Amino acid sequence: MNRYIGLSFLSKKMKALTSAIALFCLFISFGTLAQTNQTILVMGDSLSAEYGLVRGSGWVKLLEEQLQKQSSPWNVFNASISGETSSGGLSRLPKLLEQKKPGIVFLELGANDALRGLSIQESSKNLRKMIQMSKQAGAKVLLFGMQIPPNYGQEYTREFKDLYAKLAAQEKVQLLPFFLSGVASDISLFQADRIHPNEKAQTILFKNVWGAMTPYQTMLKGS
């Protein structure tokens, strides 16, 4: 009799455990489905915020138009702010991840860190945290590599350039080696301040980004 009661008790426990596991799996399934949207979140500075440009002429707008041409279900949310630093981006990212639940995050930050003399270590730490937050939220990450003029010092210039490749390799995310490739060396592609790319440069910047998005093309077709 005691043995029967014991087996009955174990049977009930097993059924309860099985039900709990099933509910947990169902919860995880729904959580995964609701985890991300078909949204590309752009976290950038003035280079992505259309500084000095006619509204709607920047590379982000060109990306939106390309997605529309391909009948892609994906949309772009541009959260870029002129003057933004990696620290500012880090402070804003959690709320944006929660609100937008992006499937892809573009990180185009760091140039203003250098202009303000922030240490390489601090920039790297902030960008790493942003990458990790994005990944934990279920998003793919495309890191935009940046470079600065040699007048900042040979060592600092080299370390700043290298920090993007190191981060991308360590965190296993996609890297656009140099966002301003094809633009930086052509003065005719800059505004009068010789810092911000002009409207003619936006097509080149878009092509740089689009080329780096090759691993996402199947994903962007959606369904």
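Contact here means heavy atoms within 4.5 Å. Buried means under 20% relative accessible area, exposed over 50%, and partly exposed in between, with a 1.4 Å probe and protein chains only. Helices (H or I, at least four residues) and strands (E, at least two) are DSSP runs, numbered from the N terminus.

The model is predicted: local features need pLDDT of at least 70 and side-chain atom pairs count only at pLDDT 80 or more, while totals for chains, interfaces and linings use all residues. Residues are numbered from 1 along each chain as its sequence is written, and side-chain values use heavy atoms, with hydrogens and water left out.

**The whole chain**

Start with the protein chain in cartoon view. It has eight helices and five strands, and from the N terminus the order is α-β-α-β-α-β-α-α-β-α-β-α-α. Of its 223 residues, 42% are buried. Among contacts with a separation of 6 or more, 76% join residues 24 or more positions apart. Now show the surface: the accessible area is about 12400 Å², and carbon and sulfur atoms hold 57% of that (Shrake-Rupley method, 1.4 Å probe).

**Helix 7**

Select residues 202–212, which form helix 7. Its buried residues are Gln202, Leu205, Phe206, Asn208, Val209, Trp210 and Ala212.

In helix 8, pick Gln217. Apart from neighbours within four places in sequence, Gln217 is in contact with Gln70 and Trp210. Ser72 is 145 residues away from Gln217 in sequence, yet their C-alpha atoms are 9.8 Å apart.

Next, move to Val105 in strand 3. Why does Val105 count as buried? Because its relative accessibility is 0%. Not counting residues up to four places away in sequence, Val105 touches Leu41, Met43, Leu97, Ser134, Ala139, Lys140, Val141 and Leu142. Thr39 lies 66 residues from Val105 along the sequence and 8.5 Å from it in space, C-alpha to C-alpha.

**The nonpolar core**

A nonpolar core is a set of buried Ala, Val, Leu, Ile, Met, Phe, Trp, Tyr and Cys residues joined through side-chain atoms within 4.5 Å. The largest has 57 residues, and those with the most contacts inside it are Ile40, Met43, Trp59, Leu63, Phe106, Phe179 and Met213. Helix 6 (residues 154–171) gives the most to this core, six residues. Select Met213 and show its surroundings: beyond four places in sequence, Met213 is in contact with Ile40, Leu63, Phe106, Leu142 and Leu220.

**Pocket and cavity**

Both are found on a 1 Å grid over the protein atoms alone: a cavity is a set of points where a 1.4 Å probe fits but cannot get out, a pocket is an open set with protein on both sides within 12 Å along at least five of seven lines, and lining residues have an atom within 4 Å of a point. Grid points are joined across faces, edges and corners, and a volume is the space filled by probe spheres set on the points.

Select Gln147, Ile148, Pro149, Leu180 and Ile195, which lie nearest the centre of the largest pocket among its 19 lining residues. This pocket has a volume of about 430 Å³.

The structure holds one cavity of 30 Å³ or more. About 40 Å³ of space lies in the largest cavity. To find it, select its lining: Ser46, Leu47, Glu50, Tyr51, Leu53, Gln191, His196, Pro197 and Gln202.
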